[in-house]
Amino acid sequence: MRLDLCNAGRTSQVLLLACLAACAGSESTDPPEAVATYVGSSACVACHEAEAAAWRGSHHDLAMDTATDQTVLGDFADVELTFAGVTSRFFRRDGAFVVRTDGPDGALTDYELVYTFGVDPLQQYLVSFPGGRLQALSLAWDSRPEAEGGQRWFHLIPDDTPAAGDELHWTGRTMNWNYMCAECHSTNVSKGYDVDTHTYQTTFSEIDVSCESCHGPASEHIEVGAAWPEDAMAEPAGAWVIAEGESIAHRSEPLPNDAQVETCAHCHARRAMISEGRRAGEPLHDSDLVSRLDEGLYYADGQIRDEVYVYGSFVQSRMYTAGVRCSDCHDPHTLELRQPGNAVCAQCHLPSTYDTPAHHNHTTGSSGAECAECHMPATTYMVVDPRRDHSMRIPRPHLSSELGTPNACSACHSDQPAEWAIEAVEEWYGPPEAEEEARVRAARAIHAGRTRAPGA
């Protein structure tokens, strides 16, 4: 039971508290409710071979692993990287992967790598420290092909490289796996932090993001051979249908809940944990405090700025309002798009209306003709990792000159001023629709508040 006593009247508060006291004093004859436990992905394979095969090799499967000849992608053939005055060396010793780099006191020290962290477009590595800590190196391996600039070592914070002693240094708190990273790279994580000794005894049931991370603990499902009672990833009733005479699909039945989106958001959102032990399908805001449209994280119009992942932009979109879920566009096991390129959008947006020069005003086959380039522009984080804005908004170049927000037109046509893009958009599409104009008013209001403008 969740109570919002701040919004209840005084009489209601008294009645609610009295009710709670009465309930607490009563004895229930009902048997205790069984609690499902984690059993591991190996128990799922026998009945779900196709899903397991699709998951193997995915970014979830490779989110974390022990450092072996098979999992480590970086070059440890006695190579060096000099950055910010520190020369680091990557080499092998007695079969182990070792890096010699600056430690917490700034002195060059040999560190043996124990885990890989991620796989594409970069791979990080974890080092064991006293107190049960694992620290993520700021020196990462660019796993992209060499033709794309990859196959090299690089520093994740190149513009303002923190020195030893800074909490942003790889030995500091913000690069601590237990505190910052573990929960979203492994399954059933318990941080095990001891406030008295300032140590960790972090555990997980599986080293990667496996079946039960998204579907929840499976013991009861296996024992009774039935579906999870609250499987967030289960397919809801209804389908996407493009009615005759329309060009955009609508759900034949309303989406029953946000369980799937919130299950994904637990790791694909900028957030702070307020309760440990969340299970898939449980309300997101019972365990996580999601960041708002704060200055520094988002532009005034809601576009992504800092590394905010996906959820915060997606819930701004018309797609979310219409009932689109993550799995409508992404295969939940391979994590790849359901269809390549514009075809994923064509699932719900009639191609004869939208995938045509009459709509996008670009040459067919060009980057400007790609839906995502205009409606989901990417921002690059961690030096090499471009991530798309999931608010799927209409480009508004006039806000760029007014509020300093980015726009997809100028991102591609960087040699043209914003005024050029403004004229083109108004010539093609005319004034904004009423719904979009409401977004523009909101952007102006947020910008006015941030800049302390008179009348804000």
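Modeller: Ground rule before we start: buried means under 20% relative accessible area, exposed means over 50%, and partly exposed is in between, using a 1.4 Å probe and protein chains only. This is a predicted model, where local features need pLDDT of at least 70, side-chain atom pairs count only at pLDDT 80 or more, and totals for chains, interfaces and linings use all residues. Residues are numbered from 1 along each chain as its sequence is written, and side-chain values use heavy atoms, with hydrogens and water left out.

Biologist: Fine. Why does Phe76 count as buried?

Modeller: Phe76 has 5% relative accessibility, and the cut-off is under 20%, so Phe76 counts as buried. Phe90 is buried too.

Biologist: And what makes Tyr125 count as buried?

Modeller: Tyr125 comes in at 0% relative accessibility, so it counts as buried.

Biologist: How many aromatic pairs are there?

Modeller: The rule takes rings of Phe, Tyr and Trp (its six-membered ring) whose centres lie within 6.5 Å; planes under 30 degrees apart are stacked, over 60 edge-to-face, and the rest tilted. That gives 14 aromatic pairs.

Biologist: Why is the pair of Phe76 and Phe90 called edge-to-face?

Modeller: Their ring centres are 5.9 Å apart and their planes stand at 85°, so the pair is edge-to-face. Phe76 is in the loop between β1 (64–66) and β2 (79–83) and Phe90 in strand β3 (residues 86–93), so the pair ties together parts 14 residues apart in sequence. Strands here are DSSP runs (E, at least two residues), helices are H or I runs of at least four, and both are numbered from the N terminus.

Biologist: What about Phe76 and Tyr125?

Modeller: Centres 5.9 Å apart, planes at 90°, so that pair is edge-to-face as well. Tyr125 sits in strand β6 (residues 122–129), so this pair ties together parts 49 residues apart in sequence. Ring pairs link Phe76, Phe90, Phe97, Tyr125, Trp141 and Trp153 into a cluster.

Biologist: Now Glu183: why is it counted as buried?

Modeller: Glu183 has 18% relative accessibility, so it counts as buried. Glu183 lies in the loop between α3 (177–181) and β10 (193–194).

Biologist: Which side chains make polar contacts with the side chain of Glu183?

Modeller: A polar contact is a pair of N or O atoms within 3.5 Å; within protein, one must be able to donate a hydrogen and the other to accept it, and residues adjacent in sequence count only if both atoms are side-chain atoms. Glu183 reaches the His266 side chain at 2.9 Å and the Arg271 side chain at 3.1 Å.
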